[in-house]
Amino acid sequence: MTPRAAFWRGYIDCAPFTLIVIPYSILFGVVARDAGLDILQTMSMSVLVIAGASQFTALALLQDQAPVFIALLAALAVNLRMAMYSAALVPHIGHARLGTRALMAYLMVDQAFAVAVKHYEDNPLMSQTNKVAYYFGCMMLICPFWYGCTLIGALLGQAIPPALSLDFAVPICFIALTAPLIRSLPHVIAAAVAALASVVFSGLPWSLGLIVAALLAMMAGAQAELFLKRRKPKDVT
Amino acid sequence: MISDTAFWALTICLGIGTFLIRFSFLGLFGGRTLPDWALLHLKYVGVAVFPALVTPLVLWPEATGGVTDPVRVIAALAAFVIGMRVSVVGAIVAGMGTLYALQFLLG
């Protein structure tokens, strides 16, 4: 496969998520305008940050007159999960040049991360160049939609009817991302521990419950994998 | 009303901070081989982060003021089952479709 083909493959594999990115980014544009931001401010936020959940968090806290520092910490905590994406991507695209890695970091979004890592794991023989091309294919689909539809929302500026329950598009998106990643018993265990721990630790401040739950789930998945590996030879004898 | 100073201070710092979070490991460890124990754990990042993110959103949605809404729980389960069995698009359509259908039926 040529890098060009890998790029377009990523582009197509990420296409289903435009179903979510379009309404979600329009919603951000509308909410930002409702909060009193002008179009330049709304677009600056979407372009500089490209992380929907943290943008909504920051905006809501500013509107509640929270100190800037507090709003910043809360929004950064929401994005802390992406340090884990960054680590998970190192074995696949860490070889790229520093400038390329910086660009890939700027473009890192949940949907594209999940789609890319699944593709890398399904195709272990993929060349490093193709992995980078595939990554950019994924991101090049999501990011322009994120910018463009924020702008549409900001220009429309009208409240989206609450009856559409667009808030629910977010959990649905993450469910659609999770399902294809669950491919073995350790994955099932990790996902179950994550869900359970997120409920148990939901009281922690700064969205730290998410981080704690995710770390516990990674350990559970890893331990389950090791356990199953140790048992296998015994089963044979 | 959000003041201009507050907005720009927040947005610029959030932009830089978010970039540094995203760049962290890719920036520091790019080109290096990670130890086996790290690789073992990193395989589970996706299945660890997403369910932890979703579960509270489904159980205590902000739109209902944090009150559990059976319709949303059912819609989330529908999305999950279809996602496992069929496809990503199927999961999204099934999730939002179930939500709209039940909201319509139950008024």
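Colleague: How is chain A divided into domains in this predicted model?

Modeller: In this predicted model, the domain assignment of chain A gives domain 1 as residues 3–159 together with 166–181, and domain 2 as residues 183–237. The centres of domain 1 and domain 2 of chain A, taken over C-alpha atoms, are separated by 25 Å.

Colleague: Which elements form the side of domain 1 of chain A that touches domain 2 of chain A?

Modeller: The contact takes nine residues from domain 1 of chain A and nine residues from domain 2 of chain A. On the domain 1 side, the elements giving two or more residues are α5 (68–79) and α6 of chain A. The largest share of that side, four residues, comes from α5(A). By class, the side of domain 1 of chain A that touches domain 2 of chain A has seven nonpolar, one polar and one charged residues.

Colleague: How is chain B divided, and what distance separates the centres of its domains?

Modeller: Chain B is divided into domain 1 (1–32) and domain 2 (41–105). Their centres, over C-alpha atoms, are 29 Å apart.

Colleague: How many residues does each chain give to the contact between chain A and chain B?

Modeller: Chain A supplies 79 residues and chain B supplies 61 residues. On the side of chain A that touches chain B, helix α6 (residues 81–93) of chain A gives the most, with 11 residues. By class, that side of chain A has 60 nonpolar, 15 polar and four charged residues.

Colleague: Which residues have the most contacts inside the largest nonpolar core?

Modeller: The general idea is that, in soluble globular proteins, nonpolar side chains tend to be buried together. Here the largest nonpolar core has 117 residues, and those with the most contacts inside it are Ala190(A), Ala194(A), Ala217(A), Ala48(B), Ala52(B) and Ala79(B). The largest share of this core, 12 residues, comes from α9(A).

Colleague: What does the comparison give for α4 of chain B, and which of its residues are buried?

Modeller: The 16 residues of helix α4 (residues 70–85) of chain B should span 22 Å, and the end C-alpha atoms are 23 Å apart, which agrees. The buried residues of α4(B) are Arg72(B), Ala75(B), Ala76(B), Ala78(B), Ala79(B), Phe80(B), Ile82(B) and Gly83(B). These buried residues pack against α10 (169–178) of chain A together with α3 (45–59) and α5 (88–105) of chain B.

Colleague: Is Ile50(A) buried or exposed, and what of Gln65(A), buried or exposed?

Modeller: Ile50(A) is buried, because 24 other C-beta atoms lie within 10 Å, and a residue needs 20 or more to qualify. Ile50(A) is placed in the loop between α3 (39–49) and α4 (52–63) of chain A, and its phi is near 35°, a positive value in a residue other than glycine. Gln65(A) counts as exposed because it has 11 C-beta neighbours inside 10 Å, where the limit is 12 or fewer. Gln65(A) lies in the loop between α4 and α5 of chain A, and has a positive phi of about 65° although it is not a glycine.

Colleague: Which residues are in contact with Thr42(A), apart from its neighbours within four places in sequence?

Modeller: Thr42(A) lies in helix α3 of chain A and is in contact with Gly29(A), Ala32(A), Arg33(A), Leu37(A), Thr150(A) and Ala154(A), leaving aside its neighbours within four places in sequence. Thr42(A) counts as buried, because it has 25 C-beta neighbours inside 10 Å. The C-alpha atoms of Thr42(A) and Tyr147(A), which are 105 residues apart along the chain, are separated by 9.9 Å.

Methods
Residues numbered from 1 in each chain as written. Chains lettered and ligands numbered in written order. Predicted model: local features only at pLDDT ≥ 70, side-chain atom pairs only at ≥ 80, totals over all residues. Contact = placed C-beta atoms within 7 Å. Nonpolar A, V, L, I, M, F, W, Y, C, P; charged D, E, K, R; others polar. Core = buried A, V, L, I, M, F, W, Y, C linked by C-beta atoms within 7 Å. Domains from an automatic or database assignment. Expected span 1.5 Å × (residues − 1).
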